[in-house]
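Dear colleague,

I am handing over the structure that we talked about, with the sequence alongside. Please open it first, and then read the notes that follow.

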Amino acid sequence: MGVTGSANIVVVGGGAAGLAAAVAAEAAGFTCQVLEAQGHLGGRVRTVPLGPDGAFDEGAQMVNGDMTDVLDLAREAKADLTPLPRNGASLCLVDGEPLRMEQLIGIDELYDLLDDQVVRWDSVSEVLRALRLTLKWWTTPWDSVGEAQRGVRHFVDDDAAPPNSLAAALKALLLCEEDHALATAYFTESYAAAPETIDAHALRDLFSRYRSDRDDVEFQIAGGLGPIVDHLAGHLAHAPALNTPVTRVHAGPHHVEVHTNAGVWHADHVIVAVPPTVARAIAFDDRTHGRLAPLFDAFQNGAMIKTALVYDSPFWRLQGLSGTAVFADCPGLTVIDGSPGDGGRPRLIAFQGGPLAKAWAALPPDQRQAALFTHLSKVFGPKAATPSAVADAVWVDHPWCGGGYNATVRVGGDRDALANLAAVDGRIRFAGAELDDAFWGYVEGAIRSGRRATASIIAAPDVKAA
């Protein structure tokens, strides 16, 4: 196969990370070529029209005030920021009963408890901390008779969750049944995977590094996040090559060959800006593959279905409800009020994650929506089953995006795979929302990671722009 072209840097993947990396490279004087397998840019950022009701962000949507890279790009793109409606009571459906969230354990408290519970036994300081906490727990009265009973059941229970899994860590917290149901449902949706499959240590590392105390569903971009993708792409001197999946990357001593369905690109450096579960389908040269294969193998795809339900009136607000609901009776299902701030018709956004998403993705759309309506009606009443418009997006085992929201480190995988993959240097480097050290899994993290990869190339010895 002949040489198609050459560039200082070839970027594999035209999502937010790849575009941010390419823009930064060209701004530094490097020639750069983006190769995208799909027929459009954006990756897991995908905004589509929703008839007369504006736009629907099928993938990433929400931001908060600490996500400054996204907010800066939104301002440059002249995109307006609107707050998401938050007034009213939030609910959790447990055993058929809608409970107010303030009656249950707080999410921040859950993360704090897990931070104490999950211990890296290869760290002396963490082992000492764990021993101090254990000693304190056994030498002070337990909070209640119920906690004592749950503690005894925990030690004699034969139905144990997989060791080192998030499910095992949650079980060890000895929460009451309602709090445990909320925690399981919340984490199944938030990380789009069954807690039994998620490595608790890797997850703890993620939230311990997260650099924001603000609500992650604080704002949305009027018109969707799509304009930010367009804004980034508009800064590129060389148009991205669409419908160009990469099959092989071979790093030689002086350049890298990037093999695609259309030919071979030569580059000084390559930034692979696709999810790890997608990158592992690319054949890397033997020396590199020996390091990368265990890292790729550590990840599992998330599974997510996102549904927009448009209504003629915000009936939930008339009931004093915020529109936020977690369905412990249907783990993986969470709903928020995602109404646009531009006067458009109100809408609820339903997220269906983990095993639930995989099961519902196999259903015909009408059956999937009927199942969703049944659950929504239990919390919001019969009006929830009669939206004026419905649109959904299925992010389950997507060939070029992996899944939604993100790939997580599985039980049994290298729990340091995120940091190790982000630290790979040489002629091949990696970027993506999964690899950011501060905003893992968000568009903010994707942009930061892409820019970091480019900066690491620029800072390398003997690297010069064209």
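**Backbone, core and aromatic pairs**

Asparagine 164 lies in the loop between α5 (145-156) and α6 (166-172), where helices (H or I, at least four residues) and strands (E, at least two) are DSSP runs, numbered from the N terminus. Before going further, please keep in mind that this is a predicted model, in which local features need pLDDT of at least 70 and side-chain atom pairs count only at pLDDT 80 or more, while totals for chains, interfaces and linings use all residues. Residues are numbered from 1 along each chain as its sequence is written, and side-chain values use heavy atoms, with hydrogens and water left out.

Asparagine 164 has a phi near 70°, a positive value in a residue other than glycine. With a relative accessible area of 40%, asparagine 164 is partly exposed; here buried means under 20% relative accessible area, exposed over 50%, and partly exposed in between (1.4 Å probe, protein chains only). Aspartate 397 also has a positive phi, near 50°; its place is in the loop between β19 and β20, and with a relative accessible area of 52% it is exposed. The loop between β19 (389-396) and β20 (408-409) also holds tyrosine 405, and the peptide bond from glycine 404 to tyrosine 405 is cis, with omega near -10°. As background, most residues other than glycine have a negative phi, and most peptide bonds are trans.

Turning to the chain as a whole, there are 16 helices and 21 strands, and 54% of the 466 residues count as buried. The chain exposes about 19,700 Å², of which carbon and sulfur atoms supply 54%; accessible areas come from the Shrake-Rupley method with a 1.4 Å probe, and for residues only the protein chains shown count as cover. If contact is taken to mean heavy atoms within 4.5 Å, residues 24 or more positions apart account for 72% of the contacts in the chain with a separation of 6 or more.

Strand β6 is joined by three bridges to β9 (residues 219-221), and the two run antiparallel; threonine 82 stands opposite glutamine 220 in β9.

Which side chain does that of glutamine 352 meet in a polar contact? Glutamine 352 lies in strand β18 (residues 347-353) and, at 1% relative accessibility, counts as buried. Its side chain makes a polar contact with the side chain of threonine 307, at 3.1 Å; a polar contact is a pair of N or O atoms within 3.5 Å, where within protein one must be able to donate a hydrogen and the other to accept it, and residues adjacent in sequence count only if both atoms are side-chain atoms. Leaving aside neighbours within four places in sequence, the residues in contact with glutamine 352 include Ala303, Met304, Leu333 and Trp360.

For the cysteines, a disulfide is a pair of sulfur atoms within 2.5 Å, and by this rule the count comes to zero. Cysteine 92 is buried, with a relative accessible area of 0%, and cysteine 330 is buried at 8%.

Finally, the search of the whole structure finds 15 aromatic pairs. Rings of Phe, Tyr and Trp (its six-membered ring) pair if their centres lie within 6.5 Å, and planes under 30 degrees apart count as stacked, over 60 as edge-to-face and the rest as tilted. Tyrosine 210 and phenylalanine 439 form an edge-to-face pair, 5.5 Å centre to centre and with 80° between the planes. This pair links distant parts of the chain, 229 residues apart: tyrosine 210 is in the loop between α8 (200-209) and β9, and phenylalanine 439 in the loop between β21 (428-430) and α16 (443-458). Tyrosine 210 is partly exposed, with a relative accessible area of 24%, whereas phenylalanine 439 is buried, at 4%.

The rings of phenylalanine 284 and phenylalanine 296 have centres 5.8 Å apart and planes at 40°, so this pair is tilted.

Conventions. Two strands pair if DSSP finds at least two bridges between them.
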